Amino acid sequence: MGKTKELSKDIRDKMVDLHKAGMGYRTIGKQLGEKATTVGAIIRKWKKFKATVNLPQSGPPCKISPRGASMIIRKGVMSSVEFSVLQA
């Protein structure tokens, strides 16, 4: 899945204002032309950080995914088991 365009601060602030007015995610999304999941993500972020600006990444990107790391470990364990079986 590719990276999508960033929403402007005005649109995000408008989403929060409409949410404060009591509107639901679907109605806000239809009014502003965004998906309900996008609206929900913006509102959750606002509730947690009390801000709608995009925050920088908390650290450097991972060199390997957790799934890749577990695959490497699994292959290492399997080869050590096979090696010990061959020696016996």
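Start with the salt bridges, of which there is 1 under the rule that a side-chain nitrogen of Lys or Arg lies within 4 Å of a carboxyl oxygen of Asp or Glu. The model is predicted, so local features need pLDDT of at least 70 and side-chain atom pairs count only at pLDDT 80 or more, while totals for chains, interfaces and linings use all residues. Residues are numbered from 1 along each chain as its sequence is written, and side-chain values use heavy atoms, with hydrogens and water left out.

Select Lys9 and Asp13, whose side chains form the salt bridge at 3.3 Å, N to O. Both residues belong to helix H1 (residues 9–20), where they stand 4 residues apart, about one turn of the helix. Lys9 is partly exposed because its relative accessibility is 39%, and Asp13 is partly exposed at 26% (buried is under 20% relative accessible area, exposed over 50%, partly exposed in between, with a 1.4 Å probe and protein chains only).

Next, show H1 together with helix H2 (residues 25–32): the two pack at an angle of about 140 degrees, with their axes 10 Å apart. H1 and H2 are therefore oblique to each other, given that angles under 35 degrees count as roughly parallel, over 145 as roughly antiparallel, 65 to 115 as roughly perpendicular and the rest as oblique.

Finally, display the side of each helix that meets the other: Ile11, Lys14, Met15, Leu18 and His19 of H1 make the contact with Tyr25, Ile28, Gln31 and Leu32 of H2, contact meaning heavy atoms within 4.5 Å. Sorted by class, this contact has 6 nonpolar, 2 polar and 1 charged residues.

Technical notes:
Axes fitted to C-alpha atoms, helices over the stretch in contact; angles between N-to-C directions. Nonpolar A, V, L, I, M, F, W, Y, C, P; charged D, E, K, R; others polar.
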